[in-house]
Amino acid sequence: MSLETFPPIMFAALVAVLLLGFPVAFSLAALGVASGGVAIYMGWFPAGFLSALPLNVFGILSNDLLLAIPFFTLMGCVLERCGLAEDMLDSMGQLFGPVRGGLGYSVIIVGFILGAITGTVAGQVIAMAMISLPVMMRYGYNMRYATGVLSASGTITQIVPPSLCLIVLADQLGRSVGDMYKGAWGPAILQVCLFALYTFLLGRFRPQDVPGIPKEARTLNGWALWLKCLRGIIPSAILIFAVLGSMGGLPGIDHAIATPTEAGAMGALGAFALAAAHRRLSWPLLQSAMTATMRMTAMVVFILIGSRAFSLVFQGVSGGVWIEHLLADLPGGQIGFLIAVNIFIFFLAFFLDFFEIAFIILPLLGPVAHKLGIDLVWFGVLICVNMQTSFMHPPFGFSLFYLRGISDTLHKEGKLPRKVLSKDIYLGAIPWVVMQLILVAVVIFVPQTVTFLLDKEVVVDTDKVQLDFQRGPERPDDEAQEREDPSRMFGGGETKEPKQ
């Protein structure tokens with residue numbers, strides 16, 4: 001075994017270890033340390049090389065940007081548990097329900113809004129399914145459409161700012177979180193439009209699949225209905241604009257007045273205020289939200305430590321050079337590289353979630369993308385769009401698992417007239433995965449969907465730079481003395497001959 005063949009062996013071992021199903025953080029750490037032992041035994045780097053690992057771990061734990069993760073997670077957990085989703089779905093369902101596909105439109109819109117304020121796929125899918133799935137089945141919606149729109153709308157949270165995924169990607173790629181948020185708005189809105197267009201076409205060509213509900217089924221009408229809709233949307237919109245605007249994550253805002261960590265803390269405080277406004281702020285809610293935040297934060301930190309142990313050894317045996325040579329020579333230049341990377345991540349997402357992909361794979365791909373001249377904000381948003389599919393892959397998508405579990409619970413409680421079959425959930429997800437892949441292709445071939453909201457980079461042509469030196473104003477008396485005594489210009493009392 002030679003140094004040239006060891007990086008591909010490490011990479012193959014990484015894929016094999018991840019497929020075993022053992023916790024990823026510990027698998028990565030064990031593989032990294034074991035590979036480091038082999039490299040030291042073979043003499044590829046000295047034993048002292050691994051002494052950098054504790055410093056790397058300390059660098060992770062002292063990273064201020066990653067402090068934003070527990071704050072945004074806490075904000076999402078509080079809002080998820082305070083009943084905001086139920087109120088918005090009820091009001092939106094009554095507003096759009098009489099239209100063909102109206103319940104589908106309400107799920108898509110509420111999924112977009114909740115994605116911007118909660119950021120948790122599990123809670124979003126479960127909350128929307130609990131409210132909308134019984135209503136859809138009661139009024140004769142196609143089962144596959146109903147399960148597909150619920151699971152897909154829950155995954156919108158991955159691309160809608162302030163997404164945790166975008167924060168992690170910004171950290172791994174070394175880019176501003178505000179720029180990453182600005183770049184994500186275009187694809188997020190395009191995705192909502194794609195979902196709505198599919199619902200509209202289904203209502204035109206297969207109206208029996210997405211029927212309108214009778215207006216008599218409404219419990220509210222007129223201004224009372226609009227007031228309930230606005231009461232859920234306006235406070236949420238204020239919270240979104242305050243959090244994103246403070247760190248420069250909204251179009252038209254060029255300067256940030258808060259770091260992502262400070263904005264996350266402000267968002268968590270706003271979540272408490274919204275929960276109190278809905279009269280649902282209680283100690284059990286806080287305890288549940290803080291427990292979920294602790295688990296998520298611990299998972300992220302341990303995955304990051306394990307991935308750092310692996311990447312340190314992988315870079316030490318020139319794994320980065322191997323990856324660069326492997327991907328930089330692909331036919332098609334930038335487009336060929338992006339297509340190959342997205343196909344790879346699409347299949348990798350069958351087995352890994354977005355945290356694992358971001359911490360393990362992205363540090364290997366980012367330097368190659370930079371050397372190919374690819375805008376790293378564009379690259380990061382593109383990867384984020386692709387990683388949404390990890391929640392929708394039949395049969396491994398977590399969103400489908402959540403929907404499977406909540407539908408069984410609803411059936412046991414008698415809220416569903418019949419049991420939801422796994423076949424309906426899996427087949428219902430396929431059109432929505434296809435739409436997500438269409439969005440990936442759009443972002444690859446039309447990068448302006450990401451970059452049109454970003455600040456234009458100022459390019460300086462060094463060949464045209466002119467240096468203009470101007471002598472400052474002199475005092476009249478000094479100027480007169482210099483004319484009388486030229487030696488004063490040289491700082492001495494005598495005129496000195498220049499040295500030969």
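**Buried rings and a helix crossing**

User: Why is W432 called buried?
Analyst: W432 has a relative accessible area of 1%. Buried means under 20%, exposed over 50% and partly exposed in between (1.4 Å probe, protein chains only). So W432 is buried. This is a predicted model: local features need pLDDT of at least 70, side-chain atom pairs count only at pLDDT 80 or more, and totals for chains, interfaces and linings use all residues. Residues are numbered from 1 along each chain as its sequence is written, and side-chain values use heavy atoms, leaving out hydrogens and water.

User: What makes Y145 count as buried?
Analyst: Its relative accessibility is 3%. The limit is under 20%, so Y145 counts as buried.

User: Why is the aromatic pair of Y145 and W432 called tilted?
Analyst: The ring centres are 5.8 Å apart. Rings of Phe, Tyr and Trp (its six-membered ring) pair within 6.5 Å. The planes make 50°. Under 30 degrees is stacked, over 60 is edge-to-face, and the rest is tilted. So the pair is tilted. Y145 sits in helix α8 (residues 143-155) and W432 in helix α20 (residues 422-445), 287 residues apart. Helices are DSSP runs (H or I, at least four residues), numbered from the N terminus.

User: Why are α14 and α17 called oblique?
Analyst: Their axes, lines fitted to C-alpha atoms over the stretch in contact with angles from 0 to 180 degrees between N-to-C directions, cross at roughly 50°. Under 35 degrees is roughly parallel, over 145 roughly antiparallel, 65 to 115 roughly perpendicular, and the rest oblique. Therefore α14 and α17 are oblique to each other.

Terms used:
Helices (H or I, at least four residues) and strands (E, at least two) are DSSP runs, numbered from the N terminus.
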